[in-house]
Amino acid sequence: MSTLTTVGLVVIAAMFAAAPWVINAAPYESTMGLVYKIFFFHMPSAWIFLIAAIVSGVYSGMFLFGRKPSSDWKALAAAELTFVFGALTLLTGPLWARKAWGVWWVWDARLTSSLLVWMIFGAYLLLRRYGGPGSDKLSAAMALFGMATVPFIFVSVNYWRTLHPQTSVVPSLPVSMGGPLWFCFIAFLLFFLLLMQMRVRLERQRALVEAHFLSEDES
Amino acid sequence: MGVIRSLICVAALSLLWLPGVVDAQSPQPPAQEEFVPLSDIPPEEQIPAFTLLASAYALVWLVLIGYVWSVSRRLHAVESELMALARKPPVPR
């Protein structure tokens with residue numbers, strides 16, 4: 001593990017350890033009370049979910065047009081992280097909704113499109129695992145479709161009737177609520193970058209092993 | 001004959017409206033006119049917020065720690081394989 005990775009890991013661990021105190025210091029929301037504090041982990045998870053989907057889509061496009069293996073490693077790493085952070089978003093959301101809305105799930109545009117993108121990246125990973133030769137290009141095309149759905153997820157709450165809060169909520173938050181939210185977002189973002197770095201390194205090492213075996217076969 | 005058939009059709013169609021009419025005439029609970037604060041709701045009707053909040057945070061921690069462990073394990077396995085390959089003597093041509 002490099003020095004930068006170790007320092008990053010320590011900073012992230014410290015931020016996640018401090019997060020409960022930072023979140024606890026935020027005032028209660030008047031209508032939802034305590035349960036709204038799920039927001040401080042739900043929202044950063046959702047943002048990272050969308051960012052990771054865009055990163056995967058961009059690197060997939062670069063791989064399709066440039067054919068550089070490193071672009072494919074990055075696309076795969078981001079796709080796996082899209083799946084992980086998407087799962088967190090889709091699991092923490094219903095826990096909040098159960099109390100705030102009285103139901104675990106509603107089939108509105110935001111929730112349905114988020115589930116759809118999460119399933120697209122789930123399919124991407126299955127294709128990479130079981131698709132055989134050529135699955136890298138097919139999955140890259142899937143990631144592009146996944147990325148194309150991201151703007152729709154973002155604006156869906158402003159165009160369709162939904163119980164989900166609109167995009168105008170975060171910019172209008174008071175500092176006492178916005179501060180802890182941005183603290184958690186930075187912690188999640190740093191964690192995402194660290195995981196990306198670890199995951200890309202894994203793919204690079206796998207490629208080295210494969211290259212070694214291929215050279216042995218040829219000789 | 002045609003008139004009787006038409007009357008039967010009208011009567012049958014009017015039966016379709018009946019449940020709605022009965023439902024509309026049955027006594028309805030008084031409509032809620034204002035926001036009810038959370039503290040005014042009886043305890044048996046409240047959903048425990050702390051359980052949901054703790055579950056959400058525990059879930060996030062567990063998933064992220066599990067994922068880091070999974071990537072570290074895979075990375076360790078591949079790096080061990082690479083080291084073993086590097087130690088192996090080259091295949092004679």
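At what angle do helix 3 of chain A and helix 6 of chain A pack? About 135 degrees, with their axes 9 Å apart. Before I go on, this is a predicted model, in which local features need pLDDT of at least 70 and side-chain atom pairs count only at pLDDT 80 or more, while totals for chains, interfaces and linings use all residues. Residues are numbered from 1 along each chain as its sequence is written, chains are lettered from A and ligands numbered from 1 in the order in which they are written, and side-chain values use heavy atoms, with hydrogens and water left out.

Chain A, then. It has 6 helices and 0 strands, where helices (H or I, at least four residues) and strands (E, at least two) are DSSP runs, numbered from the N terminus. The C-alpha atoms of chain A fill a box of roughly 70 × 40 × 25 Å along the principal axes.

Back to the opening pair. Axes here are lines fitted to C-alpha atoms, for helices over the stretch in contact, and angles run from 0 to 180 degrees between N-to-C directions. At about 135 degrees, helix 3 of chain A is therefore oblique to helix 6 of chain A; angles under 35 degrees count as roughly parallel, over 145 as roughly antiparallel, 65 to 115 as roughly perpendicular and the rest as oblique. On the helix 3 side the contact (heavy atoms within 4.5 Å) includes Trp73(A), Leu81(A) and Phe85(A), and on the helix 6 side Phe188(A), Phe192(A) and Arg199(A) are among the residues. By class, this contact of helix 3 with helix 6 of chain A has 12 nonpolar, no polar and 5 charged residues. Ala, Val, Leu, Ile, Met, Phe, Trp, Tyr, Cys and Pro count as nonpolar, Asp, Glu, Lys and Arg as charged, and the others, Gly among them, as polar.

One charged pair here is Glu80(A) with Arg199(A), a salt bridge whose closest N and O atoms are 2.8 Å apart. Glu80(A) sits in helix 3 (residues 69-100) and Arg199(A) in helix 6 (residues 175-218), so to speak distant parts of the chain, 119 residues apart. The rule for a salt bridge is a side-chain nitrogen of Lys or Arg within 4 Å of a carboxyl oxygen of Asp or Glu. Over all chains the structure holds 7 salt bridges.

Glu80(A) also reaches the other chain: its side chain meets that of Arg74(B) in a salt bridge of 3.0 Å, N to O. Across the interface of chain B and chain A there are 2 salt bridges.

Now the interface itself. Chain B puts in 30 residues and chain A 37. About 3,400 Å² is buried between the two chains, and carbon and sulfur atoms give 79% of that; buried area is the accessible area (1.4 Å probe) that two parts lose on being put together, summed over both. Tyr57(B), Leu64(B) and Tyr67(B) supply 18% of what chain B buries against chain A, more than any other three residues.
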